[in-house]
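Reader: I am new to this structure and would like to learn how to read it. Where should I begin?

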Amino acid sequence: MDPEILFFLEVLIGGLLAGIMYSLVALGFVLIYKASSVFNFAQGAMVFFAVLSFVGFMELGLHFWLALPVTIALMILVGMATERLVLRPLVNQSDDTLLMATIGLAFVLEGLAQMAWGVEVRRLDLGIPDVPMMWFADLTDIFVSTLDVVAGVVAGVMVAALALLFSKTKIGLGLRAVADSHAAAQSIGIPLKHIWMMVWATAGIVALAAGMLWGARSGVQFALVFLALKALPVLIIGGFTSVPGVIVAGLIVGASEKLAEVYIGPFFGGGIEGWAPYMLAVLFLMFRPEGLFGEKLIRRV
Amino acid sequence: MQVSTLTRRAAGGVAAFATAAAMFAAAPAVAEEEQYFPVPSSRVGPFSAMGTGYYGGIIDFMNYTNIKHGGVNGVKLVWAECETEYNAARTVECYQRLLTGPNGQKMLVFDTLGTPGAYAVINRMAEEETVLAQYGYGRTDAADGTVWPWVFNAASHYWSQIGMKMQFMADQEGGVENMRGKKIVHLHIDSAYGREPLPAMRQISEDWGIELVEISIPPPGLEQQSQWLQIRRERPDWVTFWGAGSGMNSTGMTNAARMGFPRERLVYVTFGGAEEDMVPAGDAAAGTFVVANAVPGRDFPLIADMYKTLYEDSDEGNMTNPDRVGQVYYNRGVGAAVMWIEALKNAQEMSGKVGKAVTGAEFRDGYEALDMTPAKLEEIGISGMVAPFKLSCSKHDGAGKFRMMQWNGEKFDLVTDWMGPPDPTFIRGLVESSAAKFASENGVTAKECS
Amino acid sequence: MYYTQAGRHFTSYSSDSRLIPFAEDRILLAAIFAFGLFVLPFTASDYWLSGILIPWLCLSLVALGQNILMGYAGQLSLGSAGFMAAGAFACYNFELRLEWMPFPVSLLLSGLVAAAIGVLFGLPSLRVRGLYLAVATLASQFFIVWVIDKFGWFKNYDSSGIITAQDIVILGYEFTTPAEMYVVVLIIVALLTWLAMNMAKGSIGRNWMAVRDMDVAAEAMGLSLLRTKLQAFAISSFYCGVGGALFAFTFLQSVEPVAFDILLSFRILFMVIIGGLGTIIGAYLGSGFILLLPIFLNIFFHAVVGDAIDATIISAFEQVIFGVMMILFMIYQPLGMARILENTLERLRAWPFRR
């Protein structure tokens, strides 16, 4: 094949795989937004908290397969505590107030994680090599990392499971009702506190998955908090309320930012992938103000 | 180890908060001579690994000097800490807060361990009569003491460093003549700090006939796929990596591995390669070259004695994790603090105040008189850890020399002796012309150096 | 309270529609301002002036700008730090390239530059709203900082990529000491605050609020959404730009573009929400909380605990306390600190009688 086409394909595939990694982070946002129309600013902190605790438990001597359920239990606990201490007193408050409360939560989680486990950068070895799959490289001359493929599969499975949960189960129906209106959902007997507790716990587990895959790639450290920023354009394009939209948008964002950086970046001295996805998101919004898969709102006076 | 750390923390925390009020009430009166030093540390946030190691080393050395030698000629060292979170605005606030110490003394020296913080305060130094000690970072043209009398680059600066790296590559290739036609990618964080070495690098590349490709990474840099794909297409002979924050640094190595780029062709900046950056990258890090201005290791007599005094014989050490004593940032902090204390000794002698506290101006003169001969380094116990150097009125950069290290997967191996840029006069010329430009733009009258 | 509202009647429309209806309130505000202008510069230490008061006033001004857009006009924006950067670097370049230009004029022009950019990036607001708009405005944040960082011209080709703010010279007098710079900041901030109060109370503010409360209804009543929204973006960005220029010239003094990063934008947003949306005083209270509380916690814990426990733990603990206080605040008073102040004043007014 022509090397230029090959290179284009490589950039495209690399971008798509990177995009799935963004989707994993964005998924946590969508879960919570869908169930409580809260933009959970603490999602990045939850990623950091979850994976740092996981590595911390392993350092304490727990085996990988023991540390995993312990961390999951911890994240469920965090979810329950969040519901009990932060959200329950704020039922029926405006979205801004809830956003602010999650910001406070982000500080608490970041601080607690650093207090408990220290600030050193840890390595997380999942046993999945982050090197090109040689058989694939021999076949096509395109380098694809095993870890990226695993991440893609994990993200795909999680999204499928959550999409089913939302659309096919009674809980999912309840979640959607709560998102529409706290008061209305409560008045028809939907147990708000259980729903929220569950969603936050699930978001915690999603955060752990995202944290483990990202941590395996770039080390377990504070910078994982900033992953939330990478998730924002994904959310915009995908719509804050759509689980499948997150995956599609992640692919779009990943591929477009890599292609932009490689093919347009050099004309401006590079570094454009910091804002290119946002510009793309703005363009998308011009045509679909509710995002690609967002629910179309009809506004009445 | 971790268990003990945890219990130690928990116990310490409970005890401390319980006795907090009592300690607050009992402010000790100044009985003996003291000298106050500020510690603008960054202990939380993305640069925490760096900040805890570096400022831990500084505090440990001051503490050690007090315990072992009873201070400097009897003057006890005291310090106050302020959290900057590695943020320019908070560094300015910390600067203002730390300006006067708890004992009423004015600070002598400020060290932000980072270019953003240093830039934020650099213009205040002359007015406040405080030394800005940039230990291997910060504004490069400050090495010209005629324009920047109060700013020092004691462990040399980025232009010497990039020159040294290129010399190292040339040596590896078998001589400068073999560099012609080679290709180097400068992969850097997209900020002023990342672009700082470029003036020197471009010139040397031109002289040597090297093709230089500049590729930038937007911070925080946890995703470098597109940059490394470009590198794969360029197929360079060498990559110089100029990152900040261990997320970016370790991702650089893992992505090199993903692209099959040999780590033996990857050269990291002083602020990119510490244990905190290497360990998270795992096997991908093995083979990577890192430049050192303060060599890690616990075998240097000073570091070994500090460890013994502060961590084995007592519990006075500042590091939460004692295993980090002797690592890159810790030793760099010790190196910086040694300069402070040596400058303080000089200042006391030069101003006839042996055994007394000195002022900022006296400290500045003492710092400028630093002459770290090999014999002196031997005496302090850091021979081989930092390069010998001598400062002067106009020459505010240190040795301009570095040692190249290579990560073997477990620790750093030293691969070269101290070496400098190929043409120090050329680097000096760059420094002077850049400083002159700054002086003319900002109406600074250059100081006369006889 | 030292006065009561009961039994007071306004006898003319002009007295009823005054900016601050009660003379006592006017006297109180004037007294606070006079205290800030005539007492603080002579009594406060340099640390208080340049480490606390100057950044607090500058960021309050920016928060005010953010509040105009978010609290009054209901347009969620996250680009405030980008507009600050635009203002700061515009001011630097006006002072650099047009040396004859007096500082207040440079400041005004840099505000206008920020306003023009604000209008440009406010265009998506005509189509999108809410959280989507917020993230769309993030594009401006990243783009502005990237442009300034990337093109050397904005920084006069400094080899380190930073600018050194020029001395503030007004009518031949150089304002260089902390006290002098503080006075400059205070006067400008007070002027712009007075202007904002007027706008908020007048027809401009009423238009904004109509758009905020229900833009479809406002449009149906004949309000031009295009005009009102873009006007809000322009005025808000103007405040951010002036605030950013003051922040750079009086506080940071040497500035790197990345000092105006996304985290600063977020902090401005926090200030507005915690201070109280749609209030003037909220901008001051909120920026006090977000900017000063971590500093006070840091001072407090270092003073109280000292070297007794690991400094890293203290720093992390400060973060936890800060977060907890933020959550408690929102639970206790979701409408922000301005509402707490208002309630307190109400109670004081009724004192000694309780409701």
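This is a predicted model: local features need pLDDT of at least 70, side-chain atom pairs count only at pLDDT 80 or more; totals for chains, interfaces and linings use all residues.

Reader: How many helices and strands does chain A have?

Author: Counting elements is a plain way to start on a chain. Chain A has 12 helices and zero strands. Read from the N terminus, its elements run α-α-α-α-α-α-α-α-α-α-α-α. The radius of gyration of chain A is 20 Å, close to the 19 Å given by the globule rule for 301 residues, so chain A is as compact as a globular protein of that length. A box around its C-alpha atoms, taken along the principal axes, is roughly 65 × 55 × 35 Å.

Reader: What share of chain A is buried?

Author: A residue is called buried if 20 or more other C-beta atoms lie within 10 Å of its own. In chain A, 58% of the 301 residues count as buried. Contacts can also be sorted by separation in sequence. Among contacts in chain A between residues at least 6 apart, 74% join residues at least 24 apart.

Reader: What do the corresponding values for chain C come to?

Author: Chain C has 14 helices and four strands. Its radius of gyration is 21 Å, close to the 20 Å that the globule rule gives for 355 residues, so chain C is as compact as a globular protein of that length. The C-alpha trace of chain C spans about 65 × 60 × 45 Å along its principal axes. Buried residues make up 54% of the 355 residues in chain C. Of its contacts with a separation of 6 or more, 78% are between residues 24 or more positions apart.

Reader: At what angle do α3(C) and α12(C) pack?

Author: A helix pair is read from the angle and the distance between the axes. Helix α3 (residues 46–72) of chain C and helix α12 (residues 280–305) of chain C pack at about 130°, and their axes are 8 Å apart. The two helices are therefore oblique to each other. The crossing of α3(C) past α12(C) is right-handed. On α3(C), the contact residues include W56(C), L59(C) and A63(C); on α12(C), they include Y284(C), G288(C) and L291(C). By type, the residues of this contact divide into 11 nonpolar, six polar and no charged.

Reader: Which elements of chain A touch chain C?

Author: An interface can be read by listing who contributes to each side. The contact takes 42 residues from chain A and 36 residues from chain C. On the side of chain A, α4 (95–117), α10 (227–238) and α12 (276–287) each supply at least two residues. The largest share, 15 residues, comes from α4(A). This side divides into 29 nonpolar, 10 polar and three charged residues.

Reader: What makes up the side of chain A that touches chain B?

Author: Here 40 residues of chain A are in contact with 39 residues of chain B. The elements of chain A that give two or more residues are α1 (3–36), α9 (192–218), α10 and α11 (243–264). The largest share, six residues, comes from α1(A). By type, this side divides into 16 nonpolar, 12 polar and 12 charged residues.

Notes
Residues are numbered from 1 along each chain as its sequence is written. Chains are lettered from A and ligands numbered from 1 in the order in which they are written. Axes are lines fitted to C-alpha atoms, for helices over the stretch in contact, and angles run from 0 to 180 degrees between N-to-C directions. Angles under 35 degrees count as roughly parallel, over 145 as roughly antiparallel, 65 to 115 as roughly perpendicular and the rest as oblique. A crossing is left-handed if the near helix is turned anticlockwise from the far one by less than a right angle, and right-handed if clockwise. Two residues are in contact if their C-beta atoms, placed from the backbone, lie within 7 Å. Ala, Val, Leu, Ile, Met, Phe, Trp, Tyr, Cys and Pro count as nonpolar, Asp, Glu, Lys and Arg as charged, and the others, Gly among them, as polar. The radius of gyration is taken over C-alpha atoms; the globule rule is 2.2 Å times the number of residues to the power 0.38. A residue is buried if 20 or more other C-beta atoms lie within 10 Å of its own, exposed if 12 or fewer, and partly exposed in between; C-beta atoms are placed from the backbone.
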